[in-house]
Amino acid sequence: MTARSPEGDLAPGAMTEYLTGDWGFFIRSARLLEKFRSSFQDVEVHDSAPFGKLFRLDGYFMTSEKDEFFYHENLVHVAAMAHANPERALIVGGGDGGSAEELLKHPSIRSVTLAEIDAAVVDISRKHLTSVHRGSLDDPRVELRIEDGFAYVRGATEKFDLIVLDLTDPGGPSTPLYTVDFYRACAARLAQGGAMTLHIASPIAHPDRIRSGVSSLRAGFPIVRPYLASIPLYGGLWMMACCSATLDPAALAPEQIDRTIAQRGIRDLQYYNGAVHRAAFALPNFVRTLVD
């Protein structure tokens with residue numbers, strides 16, 4: 001983990017996220033629900049007053065009951081709404097089921113393949129994070145594959161309309177998934193008109209990761225559109241990207257997005273709408289400097 005190295009919690013029960021070595025924030029744990037070491041990482045679930053049940057891996061905040069929509073809605077719908085008829089989707093990571101749940105809101109989705117390296121993430125999510133996945137992990141349209149995401153993408157022959165990289169930050173088993181080789185492998189698995197989305201980093205805390213990440217994405221895709229979202233559990237302003245050979249979600253007007261939401265009968269969106277879609281691509285000048 002290069003940017004958010006854990007240095008231990010500030011105090012017992014004060015779960016601490018370090019954005020840099022000198023900057024971070026804490027969330028007080030009301031109760032530890034579960035803690036163990038899987039084959040890959042340290043797994044924890046806590047109860048908390050501000051976020052409800054909160055999931056950590058190796059000391060890093062992953063998702064929570066009360067703010068998961070900030071992350072999952074923006075990660076999924078920016079590309080899914082721009083696609084004319086998404087039917088097949090691949091999620092790499094995403095064992096909490098939040099991205100799958102958002103994809104399944106689109107009535108055209110026929111199959112979602114979820115490649116998660118750690119079965120313990122799926123198991124703990126089924127047990128504690130029902131309000132995040134809302135049953136999507138057991139939906140018949142979802143195929144769970146407990147295996148390395150890079151190996152799956154490299155060996156797959158199926159084409160996908162959408163690929164969602166729902167990953168931990170770079171470090172440990174996720175490190176190869178932030179490389180040009182992996183991005184090119186994902187590009188080869190996209191159907192015509194398809195797109196890949198992923199989160200990158202905080203443009204405030206991790207500017208070097210933003211620069212290098214966007215550069216690597218551009219080595220794999222002709223169109224790379226960085227965009228912003230506010231994610232409380234990650235410390236505030238966060239950057240994502242949509243990547244494609246042909247699909248450009250930044251070209252869509254708010255009215256088009258709202259019309260698509262209505263036509264597809266998509267409900268229960270707590271963050272995303274047409275105006276938010278358009279605004280996500282309005283980058284402050286200091287962010288433009290990082291990505292241009």
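**Salt bridges in their setting**

A: The protein contains 10 helices and 13 strands, where helices (H or I, at least four residues) and strands (E, at least two) are DSSP runs numbered from the N terminus. Its radius of gyration, taken over C-alpha atoms, is 18 Å, close to the 19 Å given by the globule rule for 292 residues, so the protein is as compact as a globular protein of that length. The globule rule is 2.2 Å times the number of residues to the power 0.38.

The model is a predicted one, in which local features need pLDDT of at least 70 and side-chain atom pairs count only at pLDDT 80 or more, while totals for chains, interfaces and linings use all residues. Residues are numbered from 1 along each chain as its sequence is written, and side-chain values use heavy atoms, with hydrogens and water left out.

Along the principal axes, the C-alpha atoms fill a box of roughly 50 × 45 × 35 Å. Of the 292 residues, 58% are buried; here buried means under 20% relative accessible area, exposed means over 50%, and partly exposed lies in between (1.4 Å probe, protein chains only). Among contacts with a separation of 6 or more, 64% are made by residues 24 or more positions apart, a contact being heavy atoms within 4.5 Å.

The charges come next. The protein has 29 positive and 36 negative charges, and their mean positions are 4 Å apart. In this count Lys and Arg are positive and Asp and Glu negative, with His and the chain ends not counted; the place of a charge is NZ of Lys, CZ of Arg, CG of Asp or CD of Glu. A search of the whole structure finds 18 salt bridges, a salt bridge being a side-chain nitrogen of Lys or Arg within 4 Å of a carboxyl oxygen of Asp or Glu.

One of them joins E102 to K105, with the closest N and O atoms 3.0 Å apart. E102 is classed as buried because its relative accessible area is 1%. K105 also counts as buried, because its relative accessibility is 16%.

A second salt bridge is formed by the side chains of R126 and D138, at 3.0 Å from N to O. This pair links distant parts of the chain, 12 residues apart: R126 is in helix α3 (residues 119-128), whereas D138 is in the loop between α4 (130-133) and β9 (142-146). R126 has 32% relative accessibility and so counts as partly exposed. D138, at 54%, counts as exposed.

D169 and R209 also meet through their side chains in a salt bridge, at 3.6 Å from N to O. The two residues are 40 apart and again link distant parts of the chain, with D169 in the loop between β10 (160-166) and α6 (180-188) and R209 in helix α7 (residues 207-218). Both partners, D169 and R209, are buried.

Salt bridges can also be joined together: E87, R88, R110 and D161 are linked in a network of them. Apart from residues up to four places away in sequence, A89 touches L103, I109, S111, V112, T113, F160 and L162. Its C-alpha atom is separated by 39 Å from that of D22, 67 residues away along the chain.

Another strand residue is F25, in β2 (residues 23-28). Neighbours within four places left aside, F25 is in contact with M15, T16, E17, L19, F61, P232, L233, Y234 and G235.

D58, in the loop between β5 (52-57) and β6 (60-64), has a positive phi of about 50° although it is not a glycine. With 31% relative accessibility, D58 counts as partly exposed. D268, in the loop between α8 (254-263) and α9 (274-280), has a positive phi near 65°, likewise without being a glycine. At 66% relative accessibility, D268 counts as exposed.
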